[in-house]
Amino acid sequence: MTEFGLLLVELAVLLVVVSGLMALMARRIGISRLQHWLGGGRLPGAAKGILLGFLTPFCTYSAIPVVIGMISARIQTATLTAFLLSSPVLDPVIVAILIPLFGWKVTVAYVLATCLTVLLAALMADAAHLERALRPAKASAAVATSDSGPVTRPAPAHDTCASLQYDPFTDTAPWGGWRAEARPALRYALDLARSLAIPLIVSVAIAAAILGLVPQELIARLAGPGNPLAVPAAAVLGAPFYVSTEAFLPIAAALHEAGMSLGAVFALIISAAGVNVPELGLLSRVMSRRLLATYTLTVVGIAIAAGYLVMLS
């Protein structure tokens, strides 16, 4: 029960902080400039999404506010997909931890395999126009204060996943300065956290129960060297967990020492980072059920492909 409470508080604070910071960044940079920077066609957009995911050391959960902002700002699907898939499994911290645990060769193989599979998935998502199944958040008309006086910010006309008083990712009003913009950014972050409270509580409770009931010994046995389907088994077993990739890497190293193959270890890491229960609970608010199922299967497929590529390296 204590672990459940601590995890819930940690994720709630993380959601508010990241959402507020992303709101301020979006307002300071400007929506049109963001669209220009993150656009440029499928392949350049997917590459930019991977690079952005690498440069932002977010777990999948903390990347969700950024994804919600990208949806509202109409960022192209290739960029959005590449960022969502790469952010939890590719960043400088992860690479720095992988090198002493598994060595340079395995680390390079992991980075290349993950980049390749994420790139292919992002290009396929863009070609299939999966943005049609996304549900952006709707902001009601709100009034914010800038240096030049009150500015009315109208709501965009599209379907909703949550009723937000204010959405900085659709706001085209002039930048009003850090002090003037801080209050609406905080209001946006709190409204977003409030709209996601129920799925967050339910999914964290499920994740805490799974973590308490599934022993590491069982994972090692099902995904160990005695199982010819160890890599797919590891990818499926990793999906229910919630733990940051950095925190999970020492556990993965211990499982490898216990006999789990490198391919199965990395399939477990990618799956646990990309399709954990709290993340899926929140993504259900911005994705249709079919798209959420497609996303889950895609991450598991990436985990399996990367696992086998690591084994072959």
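1. A nonpolar core here is a set of buried Ala, Val, Leu, Ile, Met, Phe, Trp, Tyr and Cys residues joined through side-chain atoms within 4.5 Å, where buried means under 20% relative accessible area with a 1.4 Å probe, protein chains only. The largest one has 73 residues, and Tyr110, Phe266, Met287 and Tyr295 touch the most other members. Helix H15 (residues 289–312) gives the most to this core, at 9 residues; helices are DSSP runs of H or I, at least four residues, numbered from the N terminus.

2. Quick housekeeping: this is a predicted model, so local features need pLDDT of at least 70 and side-chain atom pairs pLDDT 80 or more, while totals for chains, interfaces and linings use all residues. Numbering starts from 1 along each chain as its sequence is written, and side-chain values use heavy atoms, with hydrogens and water left out.

3. Have a look at H5 (residues 77–86) against H7 (residues 104–127): the angle is about 145 degrees and the axes are 8 Å apart. Axes are lines fitted to C-alpha atoms over the stretch in contact, with angles from 0 to 180 degrees between N-to-C directions. On the H5 side, Thr77, Ala78, Thr81, Ala82, Leu85 and Ser86 meet Val118, Ala121, Ala122, Ala125 and Asp126 of H7; contact means heavy atoms within 4.5 Å.

4. Serine 86 sits in H5 and counts as buried because its relative accessibility is 0%. Beyond its neighbours within four places in sequence, serine 86 contacts Gly49, Ile50, Gly53 and Val118.

5. Leucine 98, in helix H6 (residues 92–102), is buried too, at 1% relative accessibility. Its C-alpha lies 9.2 Å from that of tyrosine 110, 12 residues apart along the chain.

Technical notes:
Helix = DSSP H or I, 4+ residues; strand = E, 2+ residues; numbered from the N terminus. Buried < 20%, exposed > 50% of the residue type's maximum accessible area, 1.4 Å probe, protein only.
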